[in-house]
Amino acid sequence: GLVEVQDEGSQIAALLADARPGMRVVDFCAGAGGKTLALAAEMRNQGHLVACDVSERRLERATQRLRRAGASIVQRQPLSSARDKWVKRHKHGFDRVFIDAPCTGTGTWRRNPDAKWRLEPKDLEELVAVQAEILDSAQRLVKPGGRLLYVTCSLLAEENEQQVERFLAANGEFALVPVQEVWAATIGKECPVETPMLRLDPARTGTDGFFVAILARRKAEEAAEG
């Protein structure tokens, strides 16, 4: 338990959340807790971090890992669905909402090449719908001035840029934050992309394929001006 192995792309995604000590943060699709661990480390175990998932079994596994790592700021929150009543009760309550969305996993095919044979066109259609529902629900948790991070380990535009564009078109109170700005503040080296959304892939960056979009909810006065 002294070391947790994680792909560099996963670590970069967690760093770009810019989760700081004392913040209130949600890992909305926490799964087995890999990125929850990374977020807790960035927060230096100070603040409040909620690990949500629809699978209690996976959350139980995450709990064991978090306990072993001494991440005492994490609260486990099982959800019945993306529209669980817990989300409505905590509207605008968090500085950061991190969504590591369920996806096709095409960015991990270098490690799991057999996965390509299990993917069918209908799977993509279903996942895109699930991702949209998760985004539409989880955005309610973001407080004015807070940020929503949408992350996938996919290389497909339908799950990435197109999903974010759809969300922004339907949610005018959110704006895209150029990844270069956050990269400079959190990682400090030269950002590997010039586009406002981050796309990593094995050929260019030597990581798993990852996509990250950083969205900020405008503060009340900014929304009024807009």
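Is Ala32 buried or exposed? Ala32 is buried, because its relative accessible area is 9%, and buried here means under 20% relative accessible area, exposed over 50%, partly exposed in between, with a 1.4 Å probe and protein chains only.

Before I go on, the model is predicted, so local features need pLDDT of at least 70 and side-chain atom pairs count only at pLDDT 80 or more, while totals for chains, interfaces and linings use all residues. Residues are numbered from 1 along each chain as its sequence is written, and side-chain values use heavy atoms, with hydrogens and water left out.

Back to Ala32. This residue sits in the loop between strand E1 (24-27) and helix H2 (34-42); helices (H or I, at least four residues) and strands (E, at least two) are DSSP runs, numbered from the N terminus. Apart from neighbours within four places in sequence, Ala32 is in contact with Arg58, Arg61, Ala62 and Arg65, contact meaning heavy atoms within 4.5 Å.

Next, Lys35, which belongs to helix H2. Lys35 counts as buried because its relative accessibility is 10%. Its side chain makes a polar contact with the side chain of Asp100, at 2.8 Å. A polar contact is a pair of N or O atoms within 3.5 Å; within protein, one must be able to donate a hydrogen and the other to accept it, and residues adjacent in sequence count only if both atoms are side-chain atoms. Leaving out residues up to four places away in sequence, Lys35 touches Gln6, Ser10, Asp27, Phe98, Asp100 and Phe210.

Ser10 brings us to helix H1 (residues 8-15), where Gly9, Ser10, Ile12, Ala13 and Ala14 are buried. The buried residues of H1 pack against several elements, including H2, strand E4 (94-100) and strand E5 (142-152). At the N-terminal end of H1, Asp7 is the cap, with a side-chain oxygen 2.7 Å from the backbone nitrogen of Gly9.

Last, a helix pair. The axes of H5 (residues 121-138) and H6 (residues 161-170) come within 11 Å and cross at roughly 40°. Axes are lines fitted to C-alpha atoms, for helices over the stretch in contact, and angles run from 0 to 180 degrees between N-to-C directions. H5 and H6 are therefore oblique to each other; angles under 35 degrees count as roughly parallel, over 145 as roughly antiparallel, 65 to 115 as roughly perpendicular and the rest as oblique. On the H5 side the contact is made by Val128, Gln131, Ala132, Leu135 and Asp136, and on the H6 side by Gln163, Arg166 and Phe167.
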